Amino acid sequence: MSVGRFALTHSRGVLAIAVLLAALGLQTLWHVPLAILPDFPYPRIAVIADAGDVAIETMVQRVTRPLESAAAVVPGVTRVRSRTARGSVEMSVDFDWNEDMFQALTYLRGSIDSIRDDLPSGVSLIVERQDPSSFPVIGYSLTSQTVDQATLRELADLQVAPTLSRLRGVYRVLVQGGDVREFTVAARPEALAAAGVSIADVTAAIQDTNQVSSVGRFDKDHMKYLVVGTAEMRGVDDVKSAVVATKGDVPIRVRDVADVFESSEERTTAVTANGQPAVLVSVLKQPGASVVAVSDELRESFADLVHSLPAGIEIRPFYDESDLVREAIGSVRDAVILGAVLAAIVLVAFLGSGRASAAVLLTLPITVLITLLLLRVLGETLNLMTLGGLAVGLGLIIDDVVVTVENIHRHVQEGKGSRQAAVDGTSEITRPMIGSSLTTICVFLPLLAVGGITGAFFAPLALTLTVMLLASMVLAITVAPALCARLLRVEAGHDAASGRMYWLVRLVRRGYAPVLRQVLRHRWETVGASILLALATVAIYRGLPTGFMPEMDEGAFILDYWTPDGTSLAETDRQLRIVEQILLSQPEIEAYSRRTGLELGFFATEQNTGDFAVKLRPRSQRQRSIQEVIEDTRARVAREVPGLLTEFVLIIQDRVADMAGVPEPVEVKVFGSDPVLLQELAPRVSEVVREVPGVVDVSPGITRSGPELVVRIDPARASRAGFTTNDVIDQLSTSMFGRCETFVRRGERTIPIRVTYPPGRRRTEDQVRRIELVSHTGKLVPLSAIADVSEGAGSAEQEREDQKPLIAVTASLEGVDLGTGVRRVQQAVAENIDLPPGYSVHYGGLFETQQQSFRRLLLVFLFGMALVFVVAVCQYEAFAEPMALFFAAAFSEVGVVLALRLTHTPFNASSFTGAIMVFGMVLTNGIVLMDYIRQRTRLGMPLAEAAAEAGRIRVRPVLMTSTIAILALLPLALGIGAGAEMQKPLAIAVIGGLTVSPFFALLLAPALLTVFRWRQFARGPQP
């Protein structure tokens, strides 16, 4: 029994099953996780080492190099990159994409543990994986005119963060900004000397006094009693009363040698939001969690928290990733509706039948909903790539149904009853339909294994398209015939004898027959002209702009900034207040947050650097695009704050770049053996890069810690004064930084007790020289008496890659594509920079990732073409038909290149994927044509007549499917809707290929077939 007859015999069951699956798909839509990016295990492990304030050179020798050596021997490692600052190391270990990251993490930890004893004592290590869940997806700011910053921070730490952490889907809550309470014990050096105690004695006395401990137990009246010994401090008075020492019978208390008061931790960072000091609450979601669901729960929680927080606290979002997801879902919904409307218009125009059009349109939503169900079963989330796949796949799924319905409708026009027409029409089309769908799937399947960051993004797109094709193929040969049998009727005037057709189809067929006749008569000239056109297209392709990932209007961006090395927090804050006024004056900007001396990564950040997170108003409420806002802001900041170095990046783009290990588009890496010489080369390279047209936000790749005050202790003088070197360093550190060894409990809070010198004794170089230390004999000795104090330049951080020193000059691009920008930079560096022997230049950044992605996609394309050819040979048991289809599909790439050129669209990973899709979609149309030709030739019809007859019959469905696919992709090609920019190059490429594909599928393919079967063609009469 044929598939069509089975579908009609069990039509009620077929329709019931389809409706049930669609209902399950609809139910899935409300529960499937929604996110911006696909969830994928990113193959990177971060290693963070902290050793206090050890010099950079010592850190490189004692910590960085041993860690690099330990990481390099772990199986699967592809790159090790490190950044060493004073007392800290950040190392990124990249693995092959096929590695099991849980196993890799175990191996790396084991390798590091094996060299841990060789590291300096006191070095702390963090080894953990990085993935998309490492980045916040939602951020809120807490500001107030009535509540102080210390209370605001406590409320965020003790009330807001615990409440949010309990929500489903929340992985981690970060709290930044505000003031941290502490008790300050400001020691008076003269009083310390008079009492014969040191600042270390004060610290030890407070720690020893503030004790709570269980000391015993006993039974009484059938109860067990616990004996607790305590001298726990509960406030300022208890701290003041602590005994430091005893002179005779007189206790010396803390209040006798120090001033004790409640204060806040000395600020080394600044956090603001919308022009006010703020506390920021950033939320990271769990892997696989829905960002929309998390956002909804957060909004409800904050609405409840407002009632429990003190009055006068304003809570505002400064970033919410779910906004873009919601808009993207709406865009896909609109694209489906618009595609259905346009499909209906085209169907009626070509078929002249509303009933036939209804059969197609009823199948469309069922296919989409079943696809959602299957994606959920496969563990996929709805993200920009899967949502884009649904929008892009509309043209593909309509193709299958249109071919079936059109063929059944043609049989109805020949006078058959609807049931018989459904059986005959479906049976006639089933074999080539399955072949064309499987062939197209063979084109997409290699994308699932492309690997790298490109594969992580486009594999979900390919999976979505594959699932949609399978679903549409099954529905086209089961549900579509069942619907046609119930909807189509034999209509007067639509029989074979009268031949009356809708005017558009009649016009096309009348024009097609003589054109095909001339093409077959001049087949060699047609093939030659096609080859010349292809060669010309290759020349055009070489001039196309190139990129990596499409840029889109995310509605938010990051402004990273750097003031000159060593700039104080106060001066940095003053300059950034000007930037804040610029942001506040932009009507498109809805909210922002600013961090200075902080960042979202693990690495320590200097006080002269940080970032702004800027949230724009919805696109419907602003007249300028995000790029226009960025360009205007960049120009104004450069004009009004000339000493500020800035970098503007889109949030999602920045996240992708960070995951790929290439945060900037342009990266000029200079490798050499001498870090000092590399630091001398960096400014020269950066100046050359800065002069390249289209290059902006140039960073020299050198970060200095700022000026240093070097205290060189003389061991001899220190010994004569009664100090060891360790005594001097310990007292000096405590007097300047302070030391927190214990704390006061206040409810759920623990407030540290910091012992230090008064701020007025340690703010200037002269004050540092005069800092008075207390010897073991109780003598007061100024620091200058036992040490030489001098000012020195700050140390530069050192970067290394694969155990080799390097400097990396980075830059962004404006008004120029990635390929052109990097070529200009390469030319400028080659012409102006003479490197010493043994030094080399390598170009990384997004350009390097782009080249790797293009190589992978090219291999995928070639493998897909080979796979398709093999499948076609197996289907036809011949080489002529597969070769004709193969070359016709390949020549259709001419339209891809021309469309990209005419629309000034870069050739990037998205448009490359579109080119791969075109190859499969053109094959879909060609296979049915070839199958019809084979049917006619087997019946004895000459090849030329069979080609002409097949073309006449197939011209309508080919034009219909191409037109519908083009119109369905039009919203994406125009960039309509949130997230559409990600698929815009793909849509333009596909539209370009499909626009010219009818010529190659309906004219060139038959001509090629007659060329490859020239003997068979020569035996038959010419058409």
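Trainee: Which residues does phenylalanine 557 touch, not counting residues up to four places away in sequence?
Mentor: This is a predicted model. Phenylalanine 557 sits in strand E17, residues 556–562. Leave out residues up to four places away in sequence, and its contacts are Phe612, Ala613, Val614, Leu616, Ile626, Val629, Ile630, Phe648, Val649, Leu650 and Ile651.

Trainee: Is phenylalanine 557 buried or exposed?
Mentor: Its relative accessibility is 0%. The cut-off for buried is under 20%. Because 0% falls under that cut-off, phenylalanine 557 is buried.

Trainee: How far apart are the C-alpha atoms of phenylalanine 557 and valine 180?
Mentor: Along the chain, 377 residues separate phenylalanine 557 from valine 180.

Trainee: What share of the chain is buried?
Mentor: The chain has 1023 residues, in 33 helices and 31 strands plus whatever lies between. Buried residues account for 57%.

Trainee: What box do the C-alpha atoms of the chain fill?
Mentor: Take the box along the principal axes. Its dimensions are roughly 125 × 80 × 55 Å.

Trainee: Among contacts between residues at least 6 apart in sequence, what share join residues at least 24 apart?
Mentor: Start from the contacts in the chain between residues at least 6 apart. Keep those joining residues at least 24 apart, and the share is 80%.

Trainee: At what angle do H12 and H16 pack?
Mentor: Helix H12 spans residues 354–377, and helix H16 spans residues 452–487. Their axes lie 8 Å apart. The crossing is right-handed. The angle is about 145 degrees.

Trainee: How do the residues of the contact of H12 with H16 divide by class?
Mentor: H12 brings residues including Leu362, Ile366, Ile370 and Leu374. H16 brings residues including Leu463, Val467, Met468 and Cys484. By class, the contact holds 15 nonpolar, 5 polar and 1 charged.

Trainee: How does cysteine 484 count, buried or exposed?
Mentor: Cysteine 484 is one of the H16 residues that meet H12. Its relative accessibility is 0%, so cysteine 484 counts as buried.

Trainee: What is the relative accessible area of cysteine 740?
Mentor: Cysteine 740 is partly exposed. Its relative accessible area is 33%.

Trainee: What is the handedness of the crossing of H27 and H28?
Mentor: Helix H27 covers residues 845–876 and helix H28 covers residues 880–891. They pack at about 145 degrees, with axes 8 Å apart. The crossing is right-handed.

Trainee: How many charged residues does the contact of H27 with H28 have?
Mentor: From H27 come Met865, Phe869, Ala872, Val873 and Tyr876, and from H28 come Glu881, Pro882, Met883, Leu885 and Phe886. Of these, 9 are nonpolar and none is polar. The charged count is 1.

Trainee: How many salt bridges does the structure hold?
Mentor: A salt bridge needs a Lys or Arg side-chain nitrogen within 4 Å of an Asp or Glu carboxyl oxygen. Arginine 83 and glutamate 90 qualify because their closest N and O atoms are 3.6 Å apart. The total in the structure is 45.

Trainee: In which helix do arginine 153 and aspartate 157 lie?
Mentor: The two form a salt bridge, with closest N and O atoms 2.8 Å apart. Arginine 153 is buried at 17%, whereas aspartate 157 is partly exposed at 31%. They lie 4 residues apart, about one turn of helix H5.

Trainee: How many residues apart are glutamate 262 and arginine 746?
Mentor: Their side chains meet in a salt bridge at 3.0 Å, N to O. The pair links distant parts of the chain, with glutamate 262 in strand E12 and arginine 746 in strand E24. The sequence separation is 484 residues.

Trainee: What are the relative accessibilities of glutamate 262 and arginine 746?
Mentor: Both partners count as partly exposed. The value for glutamate 262 is 36%, and that for arginine 746 is 28%.

Trainee: Which residues do salt bridges that share partners join into one network?
Mentor: The links here are salt bridges with shared partners. The network joins Arg81, Glu667, Lys669, Glu799 and Glu801.

Note on methods
Residues are numbered from 1 along each chain as its sequence is written. This is a predicted model: local features need pLDDT of at least 70, side-chain atom pairs count only at pLDDT 80 or more; totals for chains, interfaces and linings use all residues. Side-chain values use heavy atoms; hydrogens and water are left out. Buried means under 20% relative accessible area, exposed over 50%, partly exposed in between (1.4 Å probe, protein chains only). Axes are lines fitted to C-alpha atoms, for helices over the stretch in contact, and angles run from 0 to 180 degrees between N-to-C directions. Helices (H or I, at least four residues) and strands (E, at least two) are DSSP runs, numbered from the N terminus. A crossing is left-handed if the near helix is turned anticlockwise from the far one by less than a right angle, and right-handed if clockwise. Contact means heavy atoms within 4.5 Å. Ala, Val, Leu, Ile, Met, Phe, Trp, Tyr, Cys and Pro count as nonpolar, Asp, Glu, Lys and Arg as charged, and the others, Gly among them, as polar.
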